[in-house]
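Please keep the structure in view while reading.

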Amino acid sequence: AVKSVGLLTGGVFLLPYACQLGPELIYANFPLIKRKEQVLISEICNCILAEDPVGFPTPETRIRFVLTMINDCGSPAELLTLTDGFKAFEAIFAAHEHSFGSLSAEEKNKFILEQFSQETDVSDFLNLLKRYSLLHFETSENYLKTHLNYEFMPGRYYGRVPRAAS
């Protein structure tokens, strides 16, 4: 009975950790952006350019690509744009006492379009996300092959080709 109670108690304490879908990614250059903030940035990126994992599959998700590119390749100005813009974005919704996720898809798109038309930290933040979201789409294998006629292996190998008569 004691063994069963111990297993049950251990299971109850480990259950919240087991229900998470994946490990939480923490980026070295912006460690304050945790899972909750990453989900919000993912929603924003998908409003700017919808992700299509069936038609244009990629090795990683859009949010992982965007944040990894900004973390690894972003200039200090881009890192500052991400952190300041995200804080300003959250401040807009904190003032209205509702969240971006609670808006309908039409309201989200309208809000983002309004923000793009202004010259603020939020518009700089959205432009940064737009640039890397577009890069993520443009580097998908299907886009490269079908729209750009790109070949991953340079130069074709034709095997035995008959020699031209001299």
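The points below are grouped by topic. The structure is a predicted model. It has 11 aromatic pairs in total, and two of the helices, H2 and H5, cross at roughly 85 degrees.

**Aromatic pairs**

- Among the aromatic pairs is that of Phe86 and Phe125, whose ring centres are 6.0 Å apart. The planes of Phe86 and Phe125 stand at 65 degrees to each other; because an angle over 60 degrees counts as edge-to-face, the pair is given that name.
- This pair joins distant parts of the chain, since Phe86 belongs to helix H4 (residues 76–96) and Phe125 to helix H6 (residues 121–138), 39 residues apart.
- Phe86 has a relative accessibility of 5% and therefore counts as buried, the limit being under 20%. Phe125 is also buried, with a relative accessible area of 0%.
- Phe89 and Phe111 form another edge-to-face pair, with 5.6 Å from centre to centre and 70 degrees between the planes.
- Phe89 lies in helix H4 and Phe111 in helix H5 (residues 105–116), so that this pair, too, links distant parts of the chain, here 22 residues apart.
- Both Phe89 and Phe111 are buried.

**The aromatic cluster**

- One aromatic cluster is formed by Phe86, Phe89, Phe93, Phe100, Phe111 and Phe125.

**Two lysines**

- Lys130 places its charged end over the ring of Phe116, at 5.5 Å from the ring centre.
- Lys108 is found in helix H5. With a relative accessible area of 13%, Lys108 is buried, because this value is under 20%.
- Leaving aside residues up to four places away in sequence, Lys108 touches Glu43, Cys47, Phe100, Gly101 and Leu103.

**Packing of H2 against H5**

- Two packed helices are described by the angle between their axes and by the distance between those axes.
- The axes of helix H2 (residues 35–48) and H5 come within 10 Å and cross at roughly 85 degrees. H2 and H5 are therefore roughly perpendicular to each other, because angles of 65 to 115 degrees are classed in this way.
- On the H2 side, the contact consists of Glu43, Ile44, Cys47 and Ile48, and these meet Lys108, Asn109, Ile112 and Phe116 in H5.
- By type, the residues of this contact are five nonpolar, one polar and two charged.

Methods:
Residues are numbered from 1 along each chain as its sequence is written. This is a predicted model: local features need pLDDT of at least 70, side-chain atom pairs count only at pLDDT 80 or more; totals for chains, interfaces and linings use all residues. Side-chain values use heavy atoms; hydrogens and water are left out. Rings of Phe, Tyr and Trp (its six-membered ring) pair if their centres lie within 6.5 Å; planes under 30 degrees apart count as stacked, over 60 as edge-to-face and the rest as tilted. Helices (H or I, at least four residues) and strands (E, at least two) are DSSP runs, numbered from the N terminus. Buried means under 20% relative accessible area, exposed over 50%, partly exposed in between (1.4 Å probe, protein chains only). A charge sits over a ring if NZ of Lys or CZ of Arg is within 6 Å of the ring centre and within 35 degrees of the ring normal. Contact means heavy atoms within 4.5 Å. Axes are lines fitted to C-alpha atoms, for helices over the stretch in contact, and angles run from 0 to 180 degrees between N-to-C directions. Angles under 35 degrees count as roughly parallel, over 145 as roughly antiparallel, 65 to 115 as roughly perpendicular and the rest as oblique. Ala, Val, Leu, Ile, Met, Phe, Trp, Tyr, Cys and Pro count as nonpolar, Asp, Glu, Lys and Arg as charged, and the others, Gly among them, as polar.
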